[in-house]
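Dear colleague,

Please find below the structure that I am handing over to you.

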Amino acid sequence: MAQTPVKVTVTGAAGQIGYALLFRIASGQLLGADVPVKLSLLEIPQAVKAAEGTAMELDDCAFPLLSGIEVTDDANKAFDGASVALLVGARPRTAGMERGDLLQANGGIFGPQGKAINDNAADDIRVLVVGNPANTNSLIAQQHAPDVPAERFTAMTRLDHNRALSQLAAKLQVPVAEIKKMTIWGNHSATQYPDLFHAEVGGKIAAEQVDEAWLRDTFIPTVAKRGAAIIEARGASSAASAANAAIDHVFDWVNGTEWTSAAIPSDGSYGVPEGLISSFPVASRDGKWEIIQGLEIDAFSRERIDASVRELEEERAAVRELGLI
Ligand SMILES: NC(=O)c1ccc[n+]([C@@H]2O[C@H](COP(=O)([O-])OP(=O)(O)OC[C@H]3O[C@@H](n4cnc5c(N)ncnc54)[C@H](O)[C@@H]3O)[C@@H](O)[C@H]2O)c1
Ligand SMILES: O=C(O)C[C@H](O)C(=O)O
């Protein structure tokens, strides 16, 4: 194991996603089975002790690839030398909270964390925001990190992508691995658009293998509202599946893929205003996300992509108005 360990910072490390994520990172699933890692766990002061408990358990696993763990409530220390930042900790919406309050509270987290990344992270830093509202939190962090290339800030729609694969596989009674070219467009919210008009099963377009009513009235709302359904069933939001999706996102970003979904800064492709961190069909080549180009977008898809992108524009306008970016 000659390679220098890669520093991976996880915020919200004492939370439920953190607990499902850290052990998988330490076992080599985030970056690869031959890449040693150093973990930095960032928490708020009240949760540092719980994060220290998780660090004790990580020690007790004796992972061969884990070369060190630090636990801190200091963002500058946590991101110092980091090459991967998983921003999981966020302020959840509580009863009576308006959207503006939620954005304001998260601006207070993601602005300073973006600045700490800007000032301390390694030159090759890659950032994945999981904490909701993930796309706009990622935008806030990015806007506080002017020295980091903008495209290094991303947000997670891989869980939505995986949910879409699973729903379609069950409907068509095929293994998940037979489905290619699945895409989630837009925001990680109920307006997201899971697209079956480019997805393929057995080399044929998926939308042509299901009836339109199922696609419109069952598939799209089931995928888009799955997060709420999990909360209803479990009494807590998705954790292991969210951690799994974060692993998938970063692994593919670093190691390459020909097609998946990720929320990345728009370059104006497909009419998505430049700069919005929106989900697209993407490939990863040479460690960089690229938006897959040249897809034909029919009227059904256009309407739904536009609605989700409109929501992202509204969120961007709101955080601008609040002075958060
Ligand atoms: N993008 C997605 O697909 C997706 C899926 C599931 C959950 N989420 C979101 O992920 C976030 C975390 O979920 P969870 O279930 O782990 O929540 P959780 O409440 O169990 O844990 C969140 C943790 O973040 C910590 N935290 C809060 N502010 C922090 C800060 N400023 N710095 C560092 N840590 C901080 C809290 O102390 C807590 O330990 C939520 O916003 C949730 O909505 C996103
Ligand atoms: O935390 C939530 O509100 C839901 C979460 O984003 C999910 O998609 O499971």
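This is a predicted model: local features need pLDDT of at least 70, side-chain atom pairs count only at pLDDT 80 or more; totals for chains, interfaces and linings use all residues.

**Ligand 1**

Ligand 1 sits in the largest pocket. Two elements, α1 and α4 (99-120), each give two or more residues to the shell around this ligand. There are 23 residues around ligand 1, and those that come nearest are Gln16, Ile17, Glu43, Val130 and Asn132.

In the side chain of Gln16, an N or O atom is 2.8 Å from an oxygen atom of the ligand. Gln113 also takes part through its side chain, where a polar atom lies 3.3 Å from a nitrogen atom of ligand 1. With Val130 the contact is made by the backbone: a polar atom there is 3.3 Å from a nitrogen atom of ligand 1. On its own, ligand 1 has 870 Å² of accessible area, of which the protein covers 81%.

**Ligand 2**

Ligand 2, too, sits in the largest pocket. The residues surrounding ligand 2 are Asn132, Arg163, His188, Gly227, Ile231, Ser237 and Ser238.

Side chains supply the following polar contacts to oxygen atoms of ligand 2. For Arg163, an N or O atom of the side chain is 2.8 Å from such an oxygen. For His188, the distance from a polar side-chain atom to an oxygen atom of the ligand is 2.6 Å. For Ser238, the corresponding distance is 2.7 Å. The protein covers 72% of the accessible area of ligand 2, which is 270 Å² for the ligand on its own.

Helix α1 spans residues 16-26, and its buried residues are Ile17, Gly18, Leu21, Leu22, Phe23, Ile25 and Ala26. What covers these buried residues? The cover includes the strands β1 (6-11), β2 (37-42), β3 (66-72) and β4 (84-87), together with the helices α2 (48-61) and α9 (240-255). Just after α1, Gly28 has a positive phi of about 105°.

Ala13 is placed in the loop between β1 and α1. Its relative accessibility is 1%, and Ala13 therefore counts as buried, the limit being under 20%. Leaving out residues up to four places away in sequence, Ala13 touches Gly18, Tyr19, Leu22, Leu41, Leu42 and Glu43. Of these, Gly18 and Leu22 are themselves among the buried residues of α1.

**Two buried serines**

Ser278 belongs to strand β13 (residues 277-285). Is this residue buried or exposed? Ser278 is buried, because its relative accessible area is 1%. Beyond its neighbours within four places in sequence, Ser278 is in contact with Asn135, Gly186, Ala262, Ala263, Ile264, Val272, Val309 and Leu312.

Ser301 lies in helix α10 (residues 299-321). With a relative accessible area of 1%, Ser301 is likewise buried. Its contacts, again leaving aside neighbours within four places in sequence, are Tyr193, Asp195 and Phe197.

**Backbone geometry**

Most peptide bonds are trans, and most residues other than glycine have a negative phi. Some places in this model depart from that pattern.

The peptide bond that joins Asn132 and Pro133 is cis, with omega at about -5°. Pro133 is located in the loop between β5 (126-129) and α5 (134-143).

Gln173, which is not a glycine, has a positive phi of about 55°. This residue is in the loop between α6 (158-172) and β7 (179-180). Gln173 counts as exposed because its relative accessibility is 69%.

Lys181 is another residue other than glycine with a positive phi, here near 60°. The loop that holds Lys181 runs between β7 and β8 (183-185). At 33% relative accessibility, Lys181 counts as partly exposed.

With kind regards

Conventions
Residues are numbered from 1 along each chain as its sequence is written. Chains are lettered from A and ligands numbered from 1 in the order in which they are written. Side-chain values use heavy atoms; hydrogens and water are left out. Buried means under 20% relative accessible area, exposed over 50%, partly exposed in between (1.4 Å probe, protein chains only). Helices (H or I, at least four residues) and strands (E, at least two) are DSSP runs, numbered from the N terminus. Contact means heavy atoms within 4.5 Å. A residue is near a molecule or strand if one of its heavy atoms lies within 4 Å of it. A polar contact is a pair of N or O atoms within 3.5 Å; within protein, one must be able to donate a hydrogen and the other to accept it, and residues adjacent in sequence count only if both atoms are side-chain atoms. Accessible areas come from the Shrake-Rupley method with a 1.4 Å probe; for residues, only the protein chains shown count as cover. On a 1 Å grid over the protein atoms alone, a cavity is a set of points where a 1.4 Å probe fits but cannot get out, and a pocket is an open set with protein on both sides within 12 Å along at least five of seven lines; lining residues have an atom within 4 Å of a point. A molecule sits in a cavity or pocket if more than half of its atoms lie within 2 Å of its grid points.
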